[in-house]
Amino acid sequence: MNGKRKGTALLLAGSLMLLSACGNGANGNSENGGSGNDGSPAASGASASASASSSGGDSGKKIKLVFWNTSYPTIDENDKTKKKEDFYIYKAIARYEAAHPNVEIDIQDIPDGTNAMTKFQTAGIANNGPDVTNLWSGNYTMDLKAFIQPLNSYLQQTDIDSMTGWNAVTENFADSGTIYGVPDGSDGTIGILYNKKLFAAAGLDPEKSPPTSYDEFVAMLKKLKDSGVTPIGSESDGDFVYFLDYWFAQTVGTSGINDIVNGKLNFNNPKLLKVMQGYLQLYKDGFVTNDQPQTQFYNGKVALIFGGYGYLNDARAALGDDLGMMKIPNFSDDVVVKNGGIGGTGADFVVSKSSRHPEEAVKFILFLVSKDEQIARFKDGYGKLLNIKNADAREFADDPFVIKQQEWASEPSTIFWPDNIYPSELSDYISSLNALVIKQQLDPGDFLAKLDQKRDEINAQK
Amino acid sequence: MHYRTRESLSGYLSLLPAFLALGAIVFYPMVNTFYHSFTKWNGADSHWIGLRNYRFIFSNGELWTLLRNNAVFLLSIPGILLLSLVVSVLLFEEVRGWRFFRSLYYIPTILSSVVVGMLMKMMFAPSGVVNEMLRALGLTDGTTEWLSRAPTAFLVLIFCFYWQTLGQGALIFLSGLSSISPEIYESASLDGAGWWQRLFRITMPSLVPTIVYFTVTNAIYCFIGLFSLVYAVTQGGPGRETTPIDYMIYIKAFQSPDQLGYASALSIVLFVIVLLASWAQIRWSRRYQE
Amino acid sequence: MAKRKSLPVRLVVYLVLVAIAVVDFYPVVYMAVNSSRTAVDFFRDPGGLPAPWYFDNFKALYYRFDVLRLFGNTLGDTAAAFALAMALSIPASFAFAKIRFRYRSGLYMTVIATMTIPGITFVVPNFLLMSRLGLVDHPASVVIMWAVTSVPSNIFLLVALMRGIPDEILEAAKVDGISYVQTVARIVLPLSVPGIVTLAIFNTTGWWNDLFTPLIFLQSDEWKTMTVAVATILKRFDTDYPLLLAGLFMTSVPPMLIYVALQKYIKRGLVIGSVK
């Protein structure tokens, strides 16, 4: 019986705790929601009034746009005391709201990459999507088109004429047709970022004599390795998207990539097999490490990484004048596209089908991608170049590599991201399998054959 | 008779809320999923395609890799069962501070898989702290690429699984052990039974229900609960070498357009497999208990 | 119990337990220590101590997150979900354990069988359901999802536990004419407390850490849970490991505290009866 009484007491204590926990939770919510407070007055104030306007309906004229932020940073690795409202996107929204008093932007942070797409898809299914969000372009966007508003009727020809990258957001990558998004900036062109000091120590000067062929590239890597440094840092999927894809695409050409997608050409063909073998040889020779490539590069532990404009700011900050940049050498002499690289507009803004104010949403998007705003975010250190046709980086940037990136990006030899052209499921499959190839657990031929099998399965299920 | 009806009625009434809730959140979606497993479905529109999803599942060769991956985890259960048992029996010896150990062992169970995933990725990175330690101890050369190869990636995952399950096991087994009445031990001691004899004649047999609970729930976990751990630690890689079925359902449902029907079919397949497995397990354990 | 072991044996036992404890707890220490370093310092020596100790990572979290709100949301959601889960599970478990009626074992097996359903497939139908009910982006959706999906395993454990309640007590209650509700409230509940507390620990810590359900069902910052917020913001910064670790550490502390607070209540009297 003693035990029983003890039990009752415990239960009481437990339920009290539970109750007080409930109370705390509720109080916490209402307090924060109601008054908005410490740290981020702007943000909590905004969301509080946002919920008021959506539930109250008293301010019938005010239009609320929900913006899922997947791409703008809201935390700064180099300035950890920076407040939320000091970040570019919050300032941009404040500017927009000031200019459009009838519009209110409700910004909500959403995970990026594939998580963003998962969330966008589920919300779309329930007709609950955001007014505006940022997705990866090409097939990543097209795969979700059941939930995305076609934008043709909201866009002026002048808008379209002023920007590049529209193929990436147009059905079938065509020059005209249904437009599902607004291209967002440019990733520049993926090349090689290298550490000049480490190169000099190995007796190399790629500025004077850049490697132009596979053999020269290998010779260069060998010299680096002999000097006691790991030549290449690459992601654990073998930098398929930045590097291998380029050799693939330059070998078969952009039309070849389309043929592969449609099943007219196989991955498993002698040319691509040769590319695979050459690529794998770099791993077999011990030229590559897959461990924290960027950090290793910034700390002078590896001599080069593959990257475009996205890494430029961080790399410059870490290496200063020791930073070098060059293009990825051609795989062989008989490639279709020479001296190019991968890049272009890898992301876009979309309006979900559930948006009740698509016109206002597009206006907001056009504001975000306007020349002034793109320059402003560029200056804030955002990882994208401009996709404005008449913008010259020289006007607002002084890093010569930024200007070079812009030049590269406008060259016809820059190939649009092949992973945005493959069906997204296939892209995902390729990078997972490539992680096996580079560790020599999957034969390159088998790899290519598996990719064809996957492609055929995807096409058969269409 | 009247009394009986009343009792039945209160029985049914007690079940009603739970069944209504399960009906809405579990049974209805189950039926919904079953229906959609015969369709091509993007979440909004679906059309009937008969058995095509199932045909793909059984013909594209992926299912066997996925099942193998689940099986690897399943086969690791005896290890954690043994470890939990040993730890519990040792703790039950009333070593000083057993409460402290029990609490400490439980801490990893509390960590989110998001936390575990990122933590393990850092610790098991080639230049991470695990390699550093192994090199310092002279066990390896410190260059093991844990997550790049299937066998070591599985080791890391199973380490996480063990790491997060030991606390739960210790908790459950300690409670099971404490239910054994001290008199039985005392009379056994009087009969001259040694420690080992008591362990195998008294302790273990009385723990059987707890062992069954532990193995059944963990076996189910190994089929349907691995997603978040695998997602956080290896993303199913390298390749698809550590992808269990529920992770593939996620990939098909959310990372492949128009494949929700396929994902539904795959869930039905998984459901049948798990149902059969747990049924067999409970059957077997019941026989063992008798 | 009353068995005194020889000193060397006790020493070995201690050594084993301590070794396990070190392996067990080291990652948590690793997380705590390395969250107070700069990225460069961490890169140079991932196994060492911070030089110097650097707390700006926590400052960044403080400035960036509305920590109190996130904490309040998560605590409120888990507490509500647990209350709902118990309201559904306790009467049902008692019925399964102690009341005789037709189809009892059939119904029980049905509930247990639902434990074997992979929850991930239900996301889409349930999301549609919640959106029809207007509950998407409202904490009720997460509370309901968490509570209901936990019911089968709660029943599984509670039934096993309640079977251990001696029938004589219940018979005596019946003879005394105590009503059904009172029986549950006055006799069954108190005797099930160890089980309920165990479930509280299992369930609430699991929910606290759940990423997927709140990620899908909640949208606005107003309702976000801590795990989602941290995973959302920090995953983009995979080069600044200490910053990431600080975020992870911040999300991990509350569930650890919940556990430490509750574990006192787990009496060794928790018994798991036979599983049938």
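Visitor: Why are H9(C) and H12(C) called roughly antiparallel to each other?

Guide: The axes of H9(C) and H12(C) cross at roughly 175° and come within 10 Å. Angles over 145 degrees count as roughly antiparallel, so H9(C) and H12(C) are roughly antiparallel to each other. Axes here are lines fitted to C-alpha atoms, for helices over the stretch in contact, with angles from 0 to 180 degrees between N-to-C directions. This is a predicted model, where local features need pLDDT of at least 70, side-chain atom pairs count only at pLDDT 80 or more, and totals for chains, interfaces and linings use all residues. Residues are numbered from 1 along each chain as its sequence is written, while chains are lettered from A and ligands numbered from 1 in the order in which they are written.

Visitor: Which residues in H9(C) meet H12(C)?

Guide: Among them are Val197(C), Ala200(C) and Trp208(C), and residues including Pro254(C) and Tyr259(C) stand on the H12(C) side. Contact means that C-beta atoms, placed from the backbone, lie within 7 Å.

Visitor: What makes Phe101(B) in H5(B) buried?

Guide: A residue is buried if 20 or more other C-beta atoms lie within 10 Å of its own, all placed from the backbone. Phe101(B) is buried, and so are Leu104(B) and Tyr105(B), among others in H5(B). The buried residues of H5(B) pack against helices including H8 (150-178) of chain B and H1 (7-34) of chain C.

Visitor: How many residues does each chain bring to the contact of chain B with chain C?

Guide: Chain B brings 78 residues and chain C brings 73 residues. Helix H1 (residues 2-36) of chain B gives the most to its side, with 18 residues.

Note on methods
A residue is buried if 20 or more other C-beta atoms lie within 10 Å of its own, exposed if 12 or fewer, and partly exposed in between; C-beta atoms are placed from the backbone. Helices (H or I, at least four residues) and strands (E, at least two) are DSSP runs, numbered from the N terminus. Two residues are in contact if their C-beta atoms, placed from the backbone, lie within 7 Å. Angles under 35 degrees count as roughly parallel, over 145 as roughly antiparallel, 65 to 115 as roughly perpendicular and the rest as oblique.
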